[in-house]
Amino acid sequence: MKRTEKPGGKREKARKKARPLDETALRDLALSYVARFSTTGSKLEAYLARKLRERGVAEDADGRTIDLDVPALVARLVELGYVDDEVYARSKSRDLTQRGYGARRVEQALWAAGVAEGVRSDSAPGEAESRRAAILLAKKRRFGAFGAQRFEGLSHEETHKLREKQVAAMLRAGHSFEHVRFIMDAAATDDIDTWLEEAEADERDESGSW
């Protein structure tokens with residue numbers, strides 16, 4: 001059973017003790033955040049803006065509100081290399097595809113993180129990586145030929161419903177309809193393996209690697 005925080009409890013006292021932010025405190029918050037999390041300039045700016053709303057801005061000796069330039073602070077951390085949207089985008093793209101998500105989900109995640117269109121495009125998974133991610137999800141969820149036994153003994157209507165459910169799940173995960181259709185229509189997992197090998201071979205030819 002969750003405990004209800006009483007008035008005057010520890011959390012409330014911690015909030016009361018939080019001092020308004022000055023330039024040093026804001027910089028320390030920013031440095032602490034980028035040390036703990038991989039982030040983008042946009043996400044860091046949103047975090048600092050939220051902290052300013054929560055804690056307010058300190059006053060100087062004359063009682064005037066200190067002018068804090070959040071965009072300038074973020075720009076400086078980008079300049080110093082503490083924040084790098086391109087590194088974040090590549091890492092996020094790799095993480096999502098390795099978890100079985102498709103290119104559309106990668107695009108959505110990078111857009112939500114404030115990554116610029118050009119960087120999103122450069123970080124998008126290629127054909128081979130996209131096929132690999134789709135296959136990974138199908139294997140994990142036992143879709144199509146990877147779970148052929150699940151269709152055994154089903155009526156035509158039941159088979160259709162199960163197939164549609166699997167197709168919908170893969171589309172929600174961000175995979176293209178073309179990839180989903182191939183995996184769901186494949187008669188055997190060997191056909192899917194060949195499909196992936198073809199994309200990998202094309203990728204090697206384009207890069208000039210042996």
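Reply: Let us begin with a single residue. Arg-142 counts as partly exposed because its relative accessibility is 39%. Please keep in mind that this is a predicted model.

Me: Where is Arg-142 placed, and what is the value of its phi?

Reply: The general idea comes first: most residues other than glycine have a negative phi. Here, Arg-142 sits in the loop between H8 and H9, and its phi is near 55 degrees, a positive value in a residue other than glycine. Just after H9, a positive phi of about 95 degrees is found at Gly-174.

Me: How many residues does helix H9 have, and what does it reach from its first C-alpha to its last?

Reply: Helix H9 runs over residues 156–172 and has 17 residues. It reaches 24 Å, close to the 24 Å expected at 1.5 Å a residue.

Me: Which residues of H9 are buried, and which are exposed?

Reply: For this reading, buried means under 20% relative accessible area and exposed means over 50%. The buried residues in H9 are Leu-162, Gln-166, Val-167, Ala-169 and Met-170. They lie on the same side of H9 because they cover an arc of only 160 degrees around the axis. His-156, Glu-157, Lys-161, Lys-165 and Arg-172 are exposed on the other side of H9. As for packing, the buried residues of H9 meet helix H8 (127–141) and helix H10 (177–185).

Me: How many salt bridges does a search of the whole structure find?

Reply: Side chains of opposite charge can pair when their charged atoms come close. The search finds nine salt bridges. One of them joins Asp-185 to Arg-163, with the closest N and O atoms 2.6 Å apart. Asp-185 lies in helix H10 and Arg-163 in helix H9, so this pair ties together parts that are 22 residues apart in sequence. Asp-185 is partly exposed at 48% relative accessibility, and Arg-163 is partly exposed at 25%.

Me: In which helix do Glu-79 and Arg-76 lie?

Reply: Both lie in helix H4, three residues apart, about one turn of the helix. Glu-79 counts as exposed because its relative accessibility is 61%, whereas Arg-76 is partly exposed at 42%.

Me: Which residues form a nonpolar patch on the surface?

Reply: The patch consists of Leu-31, Leu-80 and Tyr-82, which together have about 280 Å² of accessible area. Leu-80 belongs to helix H4 (residues 70–80) and counts as partly exposed because its relative accessibility is 45%.

How values were computed: Residues are numbered from 1 along each chain as its sequence is written. This is a predicted model: local features need pLDDT of at least 70, side-chain atom pairs count only at pLDDT 80 or more; totals for chains, interfaces and linings use all residues. Side-chain values use heavy atoms; hydrogens and water are left out. Patches are made of residues with over 30% relative accessible area and no salt bridge: like charges are joined within 9 Å, nonpolar side chains (Val, Leu, Ile, Met, Phe, Trp, Tyr) within 5 Å. Accessible areas come from the Shrake-Rupley method with a 1.4 Å probe; for residues, only the protein chains shown count as cover. A salt bridge is a side-chain nitrogen of Lys or Arg within 4 Å of a carboxyl oxygen of Asp or Glu. Helices (H or I, at least four residues) and strands (E, at least two) are DSSP runs, numbered from the N terminus. Buried means under 20% relative accessible area, exposed over 50%, partly exposed in between (1.4 Å probe, protein chains only). The expected span of a helix is 1.5 Å times one less than its number of residues. The arc is that of the directions from the helix axis to the C-beta atoms. Contact means heavy atoms within 4.5 Å.
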